[in-house]
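Please open the model in your viewer and keep the selection tool at hand.

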Amino acid sequence: MTQNTPLSPRLPRLPLHPEDVAHRVLSAAQLRARDVSAAQTSAQCLPGGPWQHLLPGVYLLHPGPPTGRERLHGALLYAGRPPASARRAPADPADAGYGESMVTGVAALALHGFASVGNVEALHRIDVLVPRTRRLRSTRFVEVLRAASMPRAVRVGELPVAPVERALADAVAGTVDAACVRRLLTEAVRDGHCEPAAVVRELSEAKLLGRPAVVGAVDALLAEGRAVAEARLYAMVREHGLPEPVWNVELRLPGGPPLGGVDAYWPDQAVAVELDARAPRYGAPGRRGRTEEDPRWSAYAAKREHLERLGITVVRLSPRKLREAADQQATVVRTALMAAADREPAAYVMVLPR
């Protein structure tokens, strides 16, 4: 050894577990908390070394290519690192290092189990949501998205992930492919990831409803949501032992105008069920989150009042309640059917196919 031969810095023993992504990808702050200096880290990342520089301030502690999970973890560490003014503060070794950041967009949909976006291992880009005040740039495979108001993250494994409806909005914002948008929105409802109203609300707040690729997709989304809600209603009636109604009919007074359609009707008890699958409407672009009165609401309310004046009990069920609490909704319908014996007989109405 000569005096010009560089000395390889000795590293403390790091808890590297092959099965644990959190120990294969570490931030500079996490390495310092484990008594690894910046000089030691740099030496390990030299060409041919055992580590590599994955992202600014984030290191991959093996020489091979990163897995999809490692890239996700690294993206969150990059987006979650504290501001420069706070980086010299000692880090808690138990802290995941994500801060307020969360995965969103297509990567989040993959973690939520969307079949149409493929596996996380095949993703070329990872969108990460951070507060608007963060000074971060997109880099390499990480796209930084800023939010004035951060949603509440959900945990998918060890990763903080944006809720489905927010992840959908961020994914839609990044594509102009109408077929892709339609496929994502339809899968969200068909596979039970979220309700149509929540998706429309998020798209509206992101000012995406007017995009050509979104307009037709929203119609398909609402139609899919309606079909899914009807299937849940059929299942609720049969699985909870309710009497079989007549399905999807129009009510009419003899010789009079139509009273409107209902999704299920029990003629002997004069009980009707309506699915409230209306899409929300939202205000002008400068009025984020403000809802306007749905013009169809007046028609719904007028129809209900008219039917109830005729002695018909109208039970309105929401798709969300059918999905989350079908047993409770079955109890509501059963109670209405049982209460029919204590009411005055309803007016005679004709029941016609709708």
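Begin by selecting strands β2 and β3, which form a hairpin with 2 residues between them, and centre the view on the turn, where Gly57 has a positive phi of about 75°. This is a predicted model, and the values given along the way are computed from it. Strand β2 covers residues 52-55 and strand β3 residues 58-60, and the two run antiparallel, joined by 3 bridges. If you pick Leu55, you will find that its bridge partner in β3 is Val58.

Before moving on, show the whole protein chain, which contains 11 helices and 13 strands. Of its 354 residues, 44% count as buried, and the chain exposes about 18,700 Å², of which carbon and sulfur atoms supply 53%. Among contacts between residues at least 6 apart in sequence, 60% join residues at least 24 apart.

Next, select helix α4 (residues 105-112) together with helix α5 (residues 164-173), whose axes come within 7 Å and cross at roughly 140°. Which residues of α4 and α5 meet here? Display the side chains of Gly105, Val106, Ala108, Leu109 and His112 in α4, which meet Val164, Ala167, Leu168, Asp170 and Ala171 in α5.

Now turn to the open sheet of 5 strands, which has the order β12-β11-β10-β9-β13 and mixed pairing. Its edge strands are β12 (313-317) and β13 (350-353), each of which pairs on one side only.

Helix α8 (residues 212-239) touches β9, β10 (258-266), β11 (271-275) and β12, and the direction of α8 makes about 145° with that of β11. Helix α11 (residues 326-339) also packs on the sheet, touching β10, β11 and β12, and its direction makes about 180° with that of β12.

Methods: Residues numbered from 1 in each chain as written. Predicted model: local features only at pLDDT ≥ 70, side-chain atom pairs only at ≥ 80, totals over all residues. Heavy atoms only, no water. Pairing = 2+ DSSP bridges. Helix = DSSP H or I, 4+ residues; strand = E, 2+ residues; numbered from the N terminus. Contact = heavy atoms within 4.5 Å. Axes fitted to C-alpha atoms, helices over the stretch in contact; angles between N-to-C directions. Buried < 20%, exposed > 50% of the residue type's maximum accessible area, 1.4 Å probe, protein only. Areas by Shrake-Rupley, 256 points an atom, 1.4 Å probe, with all protein chains shown as cover.
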